[in-house]
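Good morning, and thank you for coming. Please take a moment to look at the sequence and the model on the screen.

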Amino acid sequence: MSLAVWMGGVTHELDRLCRASQRAGHPRPRAGEEQREDDPVQEIRGEVLAAAGAQVTIDVVSGTSAGGLNGMLLATAIARGRDLPSPRVTRGRSAALDRLLEAPSRTSVFNGEVFTRDALEAINAIERSDARPSTCS
């Protein structure tokens, strides 16, 4: 489980790096955009990318098990031009044993329906998130 949490963090950092890459040259919020919690760190990412003359693009997403879930969420966010939901909220809900043990099925100790609902909620959270000015692809 700790590897899955770490991979979720890496996925979010890749997403943030893509967003910083898009904003290199204008790291502060544009007119009409809200100040975000991660804006100071995003400014630094954007400055480093601009100084290096680099742009980050994610063109292949792959994974198995938890990596597959992370990849699906990242690919959904990129395809929709949206932000990923908070990894703390996503992992905290979907990895909570007390929730996964609710009403186990006849074939498994864990309730897969709970996990499926959480995965769908994460996709819906992407839909509700702020649109990006462009995509990372």
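This is a predicted model: local features need pLDDT of at least 70, side-chain atom pairs count only at pLDDT 80 or more; totals for chains, interfaces and linings use all residues.

Which residues form a nonpolar patch on the surface? They are L3, W6, V10 and L14, with about 400 Å² of accessible area together; areas come from the Shrake-Rupley method with a 1.4 Å probe, and for residues only the protein chains shown count as cover.

Residues are numbered from 1 along each chain as its sequence is written, and side-chain values use heavy atoms, with hydrogens and water left out.

W6 lies in helix α1 and, at 56% relative accessibility, counts as exposed (over 50%; buried is under 20%, partly exposed in between, with a 1.4 Å probe and protein chains only). The protein has six helices and zero strands (DSSP runs numbered from the N terminus: H or I of at least four residues, E of at least two).

The largest nonpolar core has 15 residues, being buried Ala, Val, Leu, Ile, Met, Phe, Trp, Tyr and Cys joined through side-chain atoms within 4.5 Å. C18, I58, L73, L74, I78, L84 and I126 touch the most other members. Helix α3 gives the most to this core, with five residues. Among the buried residues of α3 are L69, L73, L74 and I78. After α3 comes G81, with a positive phi near 65 degrees.

Conventions. Patches are made of residues with over 30% relative accessible area and no salt bridge: like charges are joined within 9 Å, nonpolar side chains (Val, Leu, Ile, Met, Phe, Trp, Tyr) within 5 Å. A salt bridge is a side-chain nitrogen of Lys or Arg within 4 Å of a carboxyl oxygen of Asp or Glu.
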